[in-house]
Amino acid sequence: MARFAPILPEIILAIGGLVLMIASAFVTRRGAGLISWLAVALLIAATVALIGAPSHAGPLFDGLVVADLFASFGKAVIFPAAAVAVIAAHGWFERGTEHAAEYAVLILFAAVGMSVMVSSTSLISLYVGLELNSLAGYVLASYRRHDERSAEAGLKYFVLGALASGILLYGISLLYGFTGTTSFTGVAAAFGRGAPTLGLLFGLVFLLAGIAFKISAVPFHMWTPDVYEGAPTPVTTFFATAPKVASVLLGVRVCIEALGPATDAWRQIVIFAALASIFLGAIAAYGQTNIKRLLAYSSINNVGFALIGLAAGTAQGASSVLFYMTVYVVMTAGAFLCVLWMRDGDGEPIETIASMSGLSQRQPGFAFAMFIFMFSLAGVPPMFGFWPKLLVFDAAVASGYVALAVAGILGAVIGAYYYLKIVKVMYLDAPAEPYSRVREPVQGALVLFAAVAVSPLGYLLIGPLGSLADRAAETLF
Amino acid sequence: MIGAIAFYLFATLTIASSIAVIFARNPVHSVLWLILAFFNAAGLMLLVGAEFIAMLLVIVYVGAVAVLFLFVVMMLDIDFASLRSGFTRNLPFGIIVALVLLAEMIVAVFAHRAGPMLAGSEIPAARVPNIVGIGQMLYSRYLFAFELAGLILLVAMVGAIVLTHRRRGDTRTPKAWRQLRRHPGTAIDLVRPGTGEGMKL
């Protein structure tokens, strides 16, 4: 049994998911709520189970996965984020969807996939984890199948995701063919033997292209706005948080553990993706009238900043990526929870930015929460969202990429415009039709928590979170 | 000797049934001939010692792909006579494709005779049969990935049901408990009608 102690979180989620899956086949529509809360409990239990062996047991299953602090750090962000996505769906699918209970089950299985992604040290477990997460994602995107936009989002995500998986697999097969091994250490050893051959380089490029799709970095971002807009809002909340962290952390581990000796080869790709994501995310968001589309571009933009930390290629850079993604998840989850409450008189969701006009006079608390999230996402100094941006730029400067940091700061300034535009619409424009009140105390508490965490009070977290991220990043080197 | 007989038996049947696939008038017959071709190809694989591929041919191609073909052929109302009418028009293109394939096969045979491409990359002789080898790897070294692959298939199944299943009002589902509770005392009425009186229901 001791052999399985390091994968206790995954076991809890997988077995719990199986039990809930069977239970959800029998429950009525009202029982779906109970299943969701049980799923949240399982995710919390899995997070608690990270303490101990799962954080430091080392390589497992002949090097397929590893239990180290880096993986645990990722899981400690991913599991609560997945739990938030389950809570976000409370009261959303019960009306008009027959299979409300299976939503939580699919999130649980996706969480297993994500936790394998962040702890994989082999190309095989990397792919299997990624696919488990993606497959659940395809289903979730088209969860409201009677809604045309949701069905379209699911189909688009599936077709493009399958293509990306194909590209990723092609890269994996090239790397395997030219190194003769699937383990990250073996691949790193092959890259360490002098200049990489053409085959290895092609494998590297394809592998990174597949990962870039999953983190929706430019130029593989095209699916993001459409899928984020079409998918039901709780699902969008999920896509923008947990899988994003998992994919970014997977990218960090692949770049540093497997492709470490070829840093010069991947750095140029990462720098290009980072800058392209920052600028495209900032500029393309200008004309958007739909808040979910706008937040999709915001997520593209944010991934760009995280990639700057990766481009540094140092432990400091990896640590800044961890820090960045943690704060990013809190800000984004908070913003999406606010979007969930935008309902018209009949309780139907509204997504236009115009409907937020004059929100501060109608619902000042709601408007103030959104104000904090927008300022924090923009990285305006008093808010906590400023600090992780500073960290990634600092990491870039420390490894000599001053121009990269300057370009990033420029992009941050351009991107700030559209966040501030929302604040302007909420605070300075004439009031529009009021939203109907939503009674969701747990979601309200989560928004409050997120708003406090990213407010200037968040700076108290710098010490503990920073040292944890530093220690987690050091396990990679 | 027996090996040679088996080879010629399987090979002849494979070619014969493949030709029958093309020439059968009825598409359902074509699929059935295709299944026979798969079985014989599996036999050929067994003869060269690739048991795993033989099993795959039977399980995947016969069990899944051919059955799928059969369903498609039976469910779609395709007029195959009209499809055939373009035969002469498509013939030149078909011949080109066939020639390319033939050329590739010839090249492949010669390349194979020239020896392995990279020095030292000869496959060592197997100590265990390959199904045993694959099984040992799957259940020891790659157990974790294997179990996860199972979860992936489960998610695919759950997804397919969630996205397509709906409760319809007009279906009659069996109520097992009520069926089991029936017993002769309540379900059967024994009547003995008198002669010439007929029966009242």
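Helices (H or I, at least four residues) and strands (E, at least two) are DSSP runs, numbered from the N terminus. The structure described here is a predicted model, in which local features need pLDDT of at least 70 and side-chain atom pairs count only at pLDDT 80 or more, while totals for chains, interfaces and linings use all residues. Residues are numbered from 1 along each chain as its sequence is written, and chains are lettered from A and ligands numbered from 1 in the order in which they are written.

We can begin with helix 17 of chain A, which runs over residues 364-378 and reaches 21 Å from its first C-alpha to its last, close to the 21 Å expected at 1.5 Å a residue (the expected span being 1.5 Å times one less than the number of residues). Twelve of the 15 residues of this helix are buried, where buried means that 20 or more other C-beta atoms lie within 10 Å of a residue's own, exposed means 12 or fewer, and partly exposed lies in between, with C-beta atoms placed from the backbone. Among the buried ones are A:F366, A:M370 and A:F373, and the buried residues pack against helices 14, 15, 16, 19 and 20 of chain A. Just after the helix, A:G379 takes a positive phi of about 80°.

Other backbone features are found in loops of chain A. Most residues other than glycine have a negative phi, and most peptide bonds are trans. A:S216, although not a glycine, has a positive phi of about 50°; this residue lies in the loop between helix 9 and helix 10 of chain A, and A:S216 counts as buried because it has 26 C-beta neighbours inside 10 Å. A:P219 lies in the loop between helix 9 (198-214) and helix 10 (223-230) of chain A, and the peptide bond that joins A:V218 to A:P219 is cis, with omega near 5°. A:F61, with a positive phi near 50°, is placed in the loop between strand 1 (58-60) and strand 2 (65-67) of chain A, and A:F61 is partly exposed because 19 other C-beta atoms lie within 10 Å.

Chain B has nine helices and zero strands, and of its 201 residues 10% count as buried. Its domain assignment, which comes from an automatic or database source, gives domain 1 (1-78), domain 2 (87-114) and domain 3 (128-165), and the C-alpha centres of domain 2 and domain 3 of chain B lie 37 Å apart.

Where the two chains meet, the contact takes 25 residues from chain A and 17 residues from chain B, two residues being in contact if their C-beta atoms, placed from the backbone, lie within 7 Å. On the side of chain A that touches chain B, helix 6 of chain A gives the most, with nine residues.

The largest nonpolar core has 201 residues, and those with the most contacts inside it include A:L106 and A:L132; such a core is a set of buried Ala, Val, Leu, Ile, Met, Phe, Trp, Tyr and Cys residues joined through C-beta atoms within 7 Å. Helix 15 of chain A gives the most to this core, with 18 residues. Leaving aside residues up to four places away in sequence, A:L132 touches residues of both chains, among them A:F109, A:V112, B:L148 and B:L151. A second, separate core of nine residues includes B:A37 and B:A54.
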